[in-house]
Amino acid sequence: MEEMLQVGVITSTHGVRGEVKVFPTTDDPARFKKAQNLILDTGKESLTLTVQSVKFFKQFVILKFEGIDNINDIEKYKKCPLLVKREDAVPLEEDEYFIADLIGLTAVTEDGELLGTLKDVIETGANDVYVIDSGEHGEVLVPAIKECIRSVDIVAGRMTVHLMEGLIS
């Protein structure tokens, strides 16, 4: 399981006082109001940044970090992901999972037949769709609904899928 979970990506600077525009990659952008520390992954190192202020603008979150008061101090971090430690993540409800934990799960049918490996999750308005890479059927799209996803065992790395008619050809 991933120890760090991505909650956003810095897209650009906002103004000249060190604020950044962040595209949230979390289901709950309001979580930034509760966040004390975020980890900035520069690719070479991880920096712990303390959130000083949070504003919302369209689909973006505008963040100001303590100690960063100039556009030149933050500009170099464009396109860098913002992470939180797993223990600081938003608590999950029953039958909710972090996408990072789902990627790579082995998908099997109710009959125990290997279907493939979950390689992506497409977030739609109604429900998520799991993209399963199947050697036999190619790419299989399975809606993440109780009728199709019978069980998920993150620790065992396995999910059981009910293939409704028309999901595979």
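User: Which residue forms a salt bridge with E19, the closest N and O atoms being 3.2 Å apart?
Analyst: This is a predicted model, where local features need pLDDT of at least 70, side-chain atom pairs count only at pLDDT 80 or more, and totals for chains, interfaces and linings use all residues. Residues are numbered from 1 along each chain as its sequence is written, and side-chain values use heavy atoms, with hydrogens and water left out. A salt bridge here is a side-chain nitrogen of Lys or Arg within 4 Å of a carboxyl oxygen of Asp or Glu. With its closest N and O atoms 3.2 Å apart, the partner of E19 is K55.

User: How many residues apart are E19 and K55?
Analyst: Strands are DSSP runs of E, at least two residues long, and helices are runs of H or I, at least four, both numbered from the N terminus. E19 sits in strand β2 (residues 19-24), while K55 belongs to strand β4 (residues 46-57). The pair links distant parts of the chain, and the separation is 36 residues.

User: Is E19 buried or exposed?
Analyst: Buried means under 20% relative accessible area, exposed means over 50%, and partly exposed is in between (1.4 Å probe, protein chains only). K55 comes out at 40%, so K55 is partly exposed. E19 has a relative accessible area of 13%, so E19 is buried.

User: How many salt bridges does a search of the whole structure find?
Analyst: One of them joins the side chains of K78 and E75 (3.9 Å, N to O). Another pairs D95 with K146, their closest N and O atoms being 2.8 Å apart. Searching the whole structure gives a count of seven.

User: How many residues apart in sequence are the parts that D95 and K146 tie together?
Analyst: D95 lies in the loop between β6 (81-85) and α3 (99-102). K146 is in the loop between β10 (138-143) and β11 (149-153). The pair therefore ties together parts whose separation in sequence is 51 residues.

User: Which residues form a negative surface patch?
Analyst: Patch residues have over 30% relative accessible area and no salt bridge, with like charges joined within 9 Å and nonpolar side chains (Val, Leu, Ile, Met, Phe, Trp, Tyr) within 5 Å. E2, found in the segment before β1 (4-14), is partly exposed at 45%. The negative patch is made up of E2, E3, E87 and D88.

Key
Areas by Shrake-Rupley, 256 points an atom, 1.4 Å probe, with all protein chains shown as cover. Lys, Arg positive; Asp, Glu negative; His and termini not counted. Charge placed at Lys NZ, Arg CZ, Asp CG, Glu CD.
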